[in-house]
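Thanks for coming. I will go through one structure, a few places at a time, and end with the chain as a whole.

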Amino acid sequence: MPSLNLQILIAACLGVAIGWLTGTLPADAPVREGVLYASTLLGSIFIGLLKMVLIPLIFTSIVVGVANLQAHHQVHRVWGGALVYFTLTTSVAMLVALIAANLFKPGAGLSLDLFAEAMNDFEARQLTLPEFFLHFFANLFQNPFAALANGSILAVVVFAMFIGIALVAGGDRYRNILVVLQEFLELMMRIIGWIMRLAPLGILALLIKLVAEQDVALLSAVGGFIVLVFATTLFHGIVVLPGILFLTTGRSPLWFFRGTREALITAFATSSSAATLPISLRCAEDNLKVRPGIAGFVLPLGATMNMDGTALYEAAAALFVANLMGIELSLAQQAVVFFTAMIASTGAPGIPSAGMVTMVMVLQAVGLPAEAVAILLPIDRLLDTVRTAVNVEGDIIGSVVVQRFADRG
């Protein structure tokens, strides 16, 4: 029987091929409808299983991770190293996007008639920078039971960090609680192992649906922007991040990609860093030998705060919209885009369509029409695949880099 890695790779290739063939069928063809229904059902089950374990996994991994780091007096080095790494890689990603967008000018000369209907029907959510910070900090501290029930990841991370620190401060008095949480974390990892047996089927179904439902005419109209985002995101994922890994740890990019294929393909298919987190933890700990304490701290934090692909996309999208409108953004305005996109990608507020809301914030920061986000909605799902894979790659590389930094202390 082929290894799980090979099964996932074969499933991804088959998913793209079957999706393309399904997309060529007439919209009302029974075969097309049946394939899309089956793929939607299987994909929903797979995503549902990942989300089922997500919140308990984040809570236990952060608590145990913080407790272990505090006990070994490494928490400050790990926390500091993670923040420096997150800031550095996000900044580089946006610089790559802005340089490429200035060189190739995607959207220049493209008629807006194609998007008139979408823009008329779309009602943009307005979110100023002060409102963003209000939502962001309001979502940091919540009733922990409400946060656990509602899947508010950032609030769960903050509460778990407090619990982890309190367990260390309490010493032997709370040792039994820590042991129970460690055993619960091991239990969650066992369940994740069972879910991974369904990963090839889930990825196959998700990619069939993604490819089959793409609007070819729209993709060709904005092809330049799509190519630019894919190219810059892949450059960041294939050159920049592995380069940082090699320079800081001496580890080969091939070693990294071999150990993380499951997580990267799952991130591509699900377009969700959070849903991929159980698999990211498994790959980091089992394949890359990152200590559970560090992986359990850096990866959940990175899934919320470290969004290289998202920051890159938002910076490029702002210049794309400006070109569509015939507006030339000055260097100062592009600097505003840089810092706003960094803030927006660090932690989207817990409100519906948060990704698009933060995109609106980036556009408004330089005076671009918020309604123009409607242009991005039809292609967002496609672009989300690669940027999510790079987000996850950045998180996992971060755990390896931070471990090396902590060990040098």
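Ser271 counts as buried, because its relative accessibility is 13% and buried means under 20% relative accessible area, with exposed over 50% and partly exposed in between, using a 1.4 Å probe and protein chains only. Ser271 sits in the loop between helix H12 (253-270) and helix H13 (273-287). Helices here are DSSP runs of H or I with at least four residues, strands are runs of E with at least two, and both are numbered from the N terminus. The phi of Ser271 is positive, about 55 degrees, although Ser271 is not a glycine.

Before I go on, a word on the source. This is a predicted model, where local features need pLDDT of at least 70, side-chain atom pairs count only at pLDDT 80 or more, and totals for chains, interfaces and linings use all residues. Residues are numbered from 1 along each chain as its sequence is written, and side-chain values use heavy atoms, leaving out hydrogens and water.

Lys105 also has a positive phi, near 45 degrees, and is a residue other than glycine. Its place is the loop between helix H3 (75-104) and helix H4 (116-121). Lys105 is partly exposed, at a relative accessible area of 37%.

Now to the helices. Ser399 belongs to helix H18, residues 373-407. Is Ser399 buried or exposed? It is buried, because its relative accessible area is 0%. The side chain of Ser399 reaches the backbone oxygen of Ile396 at 2.6 Å. That is a polar contact, meaning a pair of N or O atoms within 3.5 Å; within protein, one must be able to donate a hydrogen and the other to accept it, and residues adjacent in sequence count only if both atoms are side-chain atoms. Which residues is Ser399 in contact with, leaving aside neighbours within four places in sequence? They are Ala284, Val290, Ile294, Val298 and Leu299, where contact means heavy atoms within 4.5 Å.

Leu185 is in helix H8, residues 175-196. Leu185 is buried too, with a relative accessible area of 13%. Not counting residues up to four places away in sequence, Leu185 touches Leu57, Thr60, Ser61 and Val64. Take Thr60: Leu185 and Thr60 are 125 residues apart in sequence, but their C-alpha atoms are 5.7 Å apart in space.

Helix H9, residues 199-212, has 14 residues, which at 1.5 Å a residue should span 20 Å, and its end C-alpha atoms are 20 Å apart, so the two agree. The expected span is 1.5 Å times one less than the number of residues. How many of the residues of H9 are buried? The count is 11 of 14, so H9 is mostly covered. Among the buried ones are Ala199, Pro200, Gly202 and Ile203.

Ile18 lies in helix H1, residues 4-23, and is partly exposed, with a relative accessible area of 33%.

Last, the chain as a whole. The protein chain has 18 helices and zero strands. Of its 409 residues, 54% are buried. Among contacts between residues at least 6 apart in sequence, 84% join residues at least 24 apart.
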